[in-house]
Amino acid sequence: MSAADPLLADAAASVPRRLPAGTGSFVFFRNELATLFRRRRTITLLAVLAAVPLLIAVAVKLSSQQIAPGEGPTFLDRITQNGLFVGLTALVVCTPLFLPLAVAVVAGDTVAGEANLGTLRYLAIAPVGRLRLIVTKFLTATVFCAAVTVVITGVGAVVGTLFFPVGRVTLLSGATISPAAAAGREFLVAGYVTISLIGLAALGLFVSTLTDIPVGAMAAVAVAAIASQILDSIPQVSWLHPWLFSHYWLGFGDLLRDPIVWTSLLRNAVLQAGYVAVFGSLAYGRFATKDLLA
Amino acid sequence: MSDEWAIRTTGLTKRFGRRTVVDRIDVAVPRGAVYGFLGPNGSGKTTTIRMLLGLAAPNAGEMWLLGHRMPAAARQVLPEVGALVEGPAWYPFLSGTDNLARFDAANPAMRPRDRQRRIAAALDRVGLSHVAKKKVRAYSLGMKQRLGIAAALLAPRQLLVLDEPTNGLDPQGTREVRALIRSLAEDGTTVFVSSHLLSEVEQICTHVGVMSRGKLVAQGDLTALRRLHRPRLVIETPDVERALRVLDDLALRDVQREQTHTGSTEPRISAELDGVLPEEVCAALVHAGVRVRGLRPDHGSLEDVFVSLTGEGFDVDG
C-alpha cells in the first residue's frame, strides 16, 4: 500500500483484525441510544409526557374545588394531602393511551424506519448482523419505556414536592409510611409500568419488521394497545383477559399496600416476558431470512 | 478458494416468483482490477450486487468475496468491503459527520478511538469538510453522493463495490471520482463499478462484465472485449470509385459506403481491417492516385460492443 496516502497508511495501523466479542455490539447500542434520544421527535414526546404531571399539579393547585374521595382518576383525591401522589396520578392518566402511543411510535419505527430511509441496507452491509440489529433495537425500545416512566414520576415528584405538602404518606391499606419509603414505592411503581410496556415494545418490533412504512407500523401497534384494552373490558371474553398484554397495566395499586403485595407485579412480569419471547422470536425469524430489497 | 479473485461466483441464480432475474452467472473479478459491471436496466445487475453483499439470498450457486464463502463469512469479510448500492441513504436529521459515525459504529471491526479522525479524513477526501456539521437534509444530491463515497472510504478496504458512483455529480466531481478510483486501484484495492456510463468505464476499467436478461453475456479483459468488435478502417476521400477498386484489389472485406455525417463534408468508405496494416492501405490508395483526405482505424467503442451484446432497443429487460 502506498504510504503517501495518509488515510490508508494510518488507518491500516488502527483497524484490528479481531475485536473482543461483544465490543462492536456495545458501541452500536450506544450509538443507537444516542441517535434515538437526540432526535427531536423523541425529545418532544418526552416533553409532552412530562407536561402531564405538571398540568395535573397546576390544575389541582389552582382549583379551589374540593374533590370527594374516589372522584376523578385514582389518587387524584390524595394529591392535596401529599404531593407524592402527583406522579402516581400522572401514571394512571397516561397508561391507557399516552404511554402506549409513545411506545408505538418508537417501537414501530425500529426496523420500518430504517427500511423507509434506505439505511437498513447500509447497516446490514456494515455489517451489523441481523440478530445484533434486532436485539439492539429491542433493548433501545426498552430503555425508552423506562425513560418515559422515569420522566413522568420524576417530574411528578419534583412538582408535587414544590406545590403540595410532603409528609408521611397514607397507603391504600391505611398504614402510613415515611416520605423516603414512599419515594421508594413510587420508584417501584415506575418499574412496574416500565415492565408493563415491554411486551408492547416487542410486539411493535415485530410489526416493524413486516413493513417499510413506519407510520403504518406505529398505527398498527397503537391499535393493538387500544384493542387489547377494549377486549379486556368485555365480560364475554373473560377467558382471554389474563392473556392480554394490557391486563395488568393498572395493577400497581398492590405495590402501595403495606405489606407490599407482589402478585400483580409477578404475574405482569411473566406475561410480558411471554410476549417478549414470542414476538421477539417472530421478529428475528422474519428479519433474519428476509431479502433486504429496500 | 484461491486468493486470486476478489469476487467469484459459480452458477449464481436468483428468482422472484417465476421470473429468473439472475441466471447461473459466473462472475470473476481478479484482485486489484477495476471491474466495470454493465448491463441495461433490469438485467439483474443490482440484484447480483445485493446477493454479493449478503442482502439477498441466492436460490442457487455459490459466491466468494475476497476468498471467503458468502453469505456465511459476512461478518469477517464485509468490514473489508466498502459499498454504494442503489444510491446512498442517510438520516436526514443527523449531520454528515454523525451519519458516518453511525455506520462506523455499526461496523464491528472499527475501533472507536480514531473514528473522528478517520471520518474527518474521509470527508476531506471527497471535499465535504466544510459541510460536515450540517444536517444531511440540507445537502444537495451531489453532496449526498459524495458522502456515500466517503462512507465507503471510512477505513482501508480491500474491495469497493460502487453502484453508479458518479450519479448526480458535476463534471469536476466526476473527474475526482475517476481519479480516486484510479489511485485506490494503484494501492491494490479492487474496485467493482456498476455503471451505465460506458465512456466512464472505458476510461477507468481494466476488466468488464456485461449482463443481459439475467445472463452474463461477456466477461474479461477490456482490450480483449473490444476485439469482439472487429476493427475497421475509415477513409475520407472524394475519389470514392477509385478507392473502392483499390480496396477490392487488397481483398478487404465488408467494404461499405458510409452516410455523410453532419460535420464531415467528405464522402466516407470503410472496410474491415483484417490483418492488413492501415499504412499499407494508405500507400496503396495514394499510389493509385486516390486523394486521401482522412484515414483512421476505428477500434469500435465499448458502446458498439455493448449494444451488439445486449441488443438495440428501448425496452427494459424483464
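Which residues touch the most other members of the largest nonpolar core? In this predicted model, where local features need pLDDT of at least 70, side-chain atom pairs count only at pLDDT 80 or more, and totals for chains, interfaces and linings use all residues, they are A:Val103, A:Ala201, A:Val221, B:Ala150, B:Val161 and B:Phe192. Residues are numbered from 1 along each chain as its sequence is written, while chains are lettered from A and ligands numbered from 1 in the order in which they are written.

That core has 158 residues. A nonpolar core here is a set of buried Ala, Val, Leu, Ile, Met, Phe, Trp, Tyr and Cys residues joined through C-beta atoms within 7 Å. Buried means that 20 or more other C-beta atoms lie within 10 Å of a residue's own; exposed means 12 or fewer, partly exposed is in between, and C-beta atoms are placed from the backbone. Helix α9 of chain A gives the most to this core, with 15 residues. Apart from it sits another core, of 9 residues, with B:Leu233, B:Val246, B:Leu285 and B:Val290 among them. In soluble globular proteins, nonpolar side chains tend to be buried together.

A:Val103 is also one of the buried residues of helix α5 of chain A. Helices (H or I, at least four residues) and strands (E, at least two) are DSSP runs, numbered from the N terminus. Helix α5(A) is mostly covered, as 10 of its 12 residues are buried. The cover includes α3 (40-62), α4 (85-94), α6 (112-117), α8 (130-163), α9 (179-209) and α10 (214-232) of chain A.

Over in chain B, there are 11 helices and 15 strands. Of its 318 residues, 42% count as buried. The C-alpha trace spans about 75 × 45 × 35 Å along its principal axes. Among contacts (C-beta atoms, placed from the backbone, within 7 Å) between chain B residues at least 6 apart in sequence, 71% join residues at least 24 apart. B:Ala150, leaving aside neighbours within four places in sequence, is in contact with B:Leu100, B:Ala122, B:Leu123, B:Arg125, B:Val126 and B:Leu128.

Strand β13 (residues 253-258) of chain B has 6 residues, and the number buried is 0, so the strand lies largely in the open. Strand β13(B) pairs with β14 (residues 268-272) in the antiparallel sense over 4 bridges, pairing being called when DSSP finds at least two bridges between strands. B:Arg253 has B:Glu272 in β14(B) as its bridge partner.

Definitions and conventions:
Contact = placed C-beta atoms within 7 Å.
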